[in-house]
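Subject: Structure handover

Hello,

Here is the structure for you to look through. Please open it first, then read the notes below it.

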Amino acid sequence: MNICVTGTGYVGLVTGTCLAEVGHRVICMDHDGNKIQTLNAGQMPIYEPHLEELVRRNREKGRLSFTTDFGLANRDAEVVFICVGTPPLENGEADLSAVENVVREVASRSDSYRLVVEKSTVPVQTGEYVSRTLQIYCRGGQGHFDVASNPEFLREGSAVYDFFHPDRIVVGVDSPRAENILRELYRPILEGQFSCPVHSSCPASSPPTFLVTDVKSAELIKHASNSFLAMKISFVNAVADLCEKVGADVEKVARGMGLDVRIGKDFLRAGLGFGGFCFPKDLQAFVRIAEKIGYDFSLLREVEKINKGRIEVALEKLKKELWILQGKTIGVLGLAFKPQTDDTRFAPALELIRRLQREGAKIRAYDPKAAQKTAEEIPDIFFAASPYQAAEGTEALILATEWPEFRDLDWKKIRGSMVHPFIFDGRNFLDPAQLRAAGFRYEGMGRPG
Ligand code: UDX
């Protein structure tokens, strides 16, 4: 199938590349000339496991190309995916101007049928505006368009895996033609007809569900799913605060909860809270959407409040241990909003560093992938070349992102280089007994002292 993907951020680049990998001919288009230049030079604007190899392979096979020319990308396309950014406006609503631009281009520059697919995270009812805009701006007054919603559920750091092994593929359509096109487009995934770029042999798993709904329900599934996952995290973080007050261990509580399949063990990890470019903004957008249609989503406002409160909880723990933070040197292991990505957008680690700097502390930080992007946001900290260098001469060491390499560090060596051997494990990632045995004072989130 000939596919045009507009927007080469996480969603667009991963979707376009993986659709090419399963055999479609994909042209990814973006108005950002630098990004297209980077991609055409064979470099990657983001770090995402397996993606660089896939882009290289599919470009070589002529199935994937990148351009700033919408006309070229749209010329032979049957399907146009809208994957442009929908960043938050001041009031938390999603900015849909880039979506509208794409729709107007499709309308005014297409002289044959197009299935226009929303893949960016958009508020419910956006599809109606897309349909109307297509009719208003279509060439010659009568355009052959269908509009569909195909929300994305990929996670940064495992996006390629998530594309090839989704739990479900949701398509919101208003016509059998649109449904058939999307079913055909995803057939290789639905039938497991692909060579997996992640596994030499894929673990046995049941095929994903191809869930067909109307457009509005599909649009809501995205916001509702992300908000529910964020709520689960804030719930376990609230329980962590309770555990601290009674001397229980949130890790054991979460395990006990998660063994109930109705609850599920995933997304019950207490810590510094959720970050990234999805949960915080999707939560805000969902609250605003509800407000606009007269529903006070107070539950989700509480989820946001609990999440923002994690940084205060962390700061209180550091003050309890170090008393005055002014002039103290603090090491930070992990800057990315989660492991396996270089993304620092709304990263709790960066929010904590800003707070510590406001208290007058000096920061020595290390992250295997995200130091450069952090330096663009917070230039005045010391970026260490290793976790060991980050710990040197510090009075506290914070684990802010649970990169696997932090689990097996030489803690004896680290202890010897610190002024005061205090570990604050903001992700409950380390073994308290092992660290205490190595002579550290250890503090987690919701774990007994
Ligand atoms: C999320 C959704 O998972 C994905 O389906 C959607 O398409 C985009 O948004 P992503 O933002 O990449 O994906 O990250 P995710 O793995 O969901 O983690 C989000 C945040 O929650 C991270 O900061 C992570 O550290 C935090 N988290 C996650 C917890 O604090 N505890 C958990 O148990 C799980």
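Helix H10 has 32 residues, and its first and last C-alpha atoms are 47 Å apart, close to the 46 Å expected at 1.5 Å a residue. The expected span is 1.5 Å times one less than the number of residues. Helices (H or I, at least four residues) and strands (E, at least two) are DSSP runs, numbered from the N terminus. This is a predicted model: local features need pLDDT of at least 70, side-chain atom pairs count only at pLDDT 80 or more, and totals for chains, interfaces and linings use all residues. Residues are numbered from 1 along each chain as its sequence is written, and side-chain values use heavy atoms, with hydrogens and water left out.

At the start of H10, the backbone nitrogen of Lys-216 has a side-chain oxygen of Asp-214 within 3.1 Å. Just after H10 comes Gly-247, with a positive phi of about 80 degrees.

H10 (residues 215-246) also gives the shell around the ligand its largest share, three residues. In total, 19 residues surround the ligand, and the closest are Phe-153, Leu-154, Glu-156, Arg-269 and Lys-338; a residue counts as near if one of its heavy atoms lies within 4 Å. By type, the shell has nine nonpolar, three polar and seven charged residues. Here Ala, Val, Leu, Ile, Met, Phe, Trp, Tyr, Cys and Pro count as nonpolar, Asp, Glu, Lys and Arg as charged, and the others, Gly among them, as polar.

Oxygen atoms of the ligand take part in these pairs:
- a backbone N or O atom of Phe-153, at 2.7 Å;
- a polar backbone atom of Arg-269, at 2.9 Å;
- an N or O atom in the side chain of Arg-427, at 3.3 Å.

The protein buries 96% of the 660 Å² that the ligand exposes when taken alone. Accessible areas come from the Shrake-Rupley method with a 1.4 Å probe; for residues, only the protein chains shown count as cover.

Now to helix H6 (residues 126-137). Its twelve residues should span 16 Å at 1.5 Å a residue, and the end C-alpha atoms are 16 Å apart, which agrees. The buried residues of H6 are Thr-126, Gly-127, Val-130, Thr-133 and Leu-134; buried means under 20% relative accessible area, exposed over 50%, and partly exposed in between. They cover an arc of only 125 degrees around the axis, so they lie on the same side of H6. The arc is that of the directions from the helix axis to the C-beta atoms. Exposed Tyr-129 and Ile-136 are on the face of H6 turned away from its buried side.

Regards

Definitions and conventions. Polar contact = N/O pair within 3.5 Å; in protein donor to acceptor, adjacent residues only side chain to side chain. Buried < 20%, exposed > 50% of the residue type's maximum accessible area, 1.4 Å probe, protein only.
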